[in-house]
Structures are given as structure tokens and as C-alpha cells.
Amino acid sequence: ALEVASEAVLVAGASKYGTFGRYRIFGLDEVDVVITDTALSDSAAAGIREHGAALVLADPTPGARAAG
């Protein structure tokens, strides 16, 4: 599906970065936009950007505005 999508967006909580699962579905180099929360570390944010993905940090506080 990623091969034919016009844009690939990954949405995951910051706690998921740096963890590994059993299966690899796709690499960050295949993602156009990553949306996560503001708890993401600076080093993880830099790694995401190095792979060429745009990074959107969403504040998990109800009613807060997204930062990016």
C-alpha cells in the first residue's frame, strides 16, 4: 500500500520510538510525515528528520494546539 500512496503518515506515541518489535513493516525512509507527542526526545526527533520525514509534535493536553 505504501508503494501507491501519495503520502505515508505514521502516528505513534513518543514511547514507541527506540523500541523494537518482531516484525519490520516499513522503514522511516518510506514515511513522509511522523505525528507524535511532545515527549519525544531531541535525539529521536533528529533521527526522524534525518530520514527525511516531516515531524509534527502534538501536545497531549486536551484542547492544546499542535506544534510543528
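Q: Why is P60 called exposed?
A: In this predicted model, P60 has a relative accessible area of 60%. Exposed requires a value over 50%, so P60 is classed as exposed.

Q: What places P60 in the chain, and which residues does P60 contact?
A: P60 belongs to the segment after β3, a strand that spans 54-58. Apart from neighbours within four places in sequence, P60 is in contact with D37 and T38. P60 and T36 are separated by 24 residues in sequence, and their C-alpha atoms are 9.2 Å apart.

Q: How do you know whether T36 is buried or exposed?
A: The relative accessible area of T36 is 4%. Buried means under 20%, and therefore T36 counts as buried. T36 is located in strand β2, residues 33-37.

Q: Which residues surround T36 beyond its sequence neighbours?
A: Leaving aside residues within four places in sequence, T36 is in contact with A12, G13, A14, Y17, L55, V56, L57 and A58. With the same exclusion, A12 is in contact with Y17, I35, T36 and D37.

Q: What makes A12 and A14 members of a nonpolar core?
A: A nonpolar core joins buried residues of listed nonpolar types through side-chain atoms within 4.5 Å. The largest such core has 10 residues, among them A12 and A14. In soluble globular proteins, nonpolar side chains tend to be buried together. Over the chain of 68 residues, 21% count as buried.

Q: Why is A8 called buried?
A: A8 has a relative accessible area of 8%. The threshold for buried is under 20%, so A8 is assigned to that class. A8 lies in the segment before β1, which covers 9-11.

Q: Which residues does A8 touch, and how far is A8 from A53?
A: Not counting residues up to four places away in sequence, A8 touches L2, E30, V31, D32 and V33. A8 and A53 are 45 residues apart in sequence and 9.6 Å apart in space, C-alpha to C-alpha.

Q: Why is L2 called partly exposed?
A: L2 has a relative accessible area of 33%. Buried is under 20% and exposed is over 50%; the value for L2 falls in between, so L2 is partly exposed. L2 is found in the segment before β1.

Q: How do you know whether G18 is buried or exposed?
A: G18 has a relative accessible area of 67%. Exposed means over 50%, so G18 is exposed. G18 sits in the loop between β1 and β2. G18 and A44 are 26 residues apart in sequence, with 7.7 Å between their C-alpha atoms.

Q: What pattern does the chain follow along the sequence?
A: The pattern is β-β-α-β, made up of 1 helix and 3 strands.

Notes. Residues are numbered from 1 along each chain as its sequence is written. This is a predicted model: local features need pLDDT of at least 70, side-chain atom pairs count only at pLDDT 80 or more; totals for chains, interfaces and linings use all residues. Side-chain values use heavy atoms; hydrogens and water are left out. Helices (H or I, at least four residues) and strands (E, at least two) are DSSP runs, numbered from the N terminus. Buried means under 20% relative accessible area, exposed over 50%, partly exposed in between (1.4 Å probe, protein chains only). Contact means heavy atoms within 4.5 Å.
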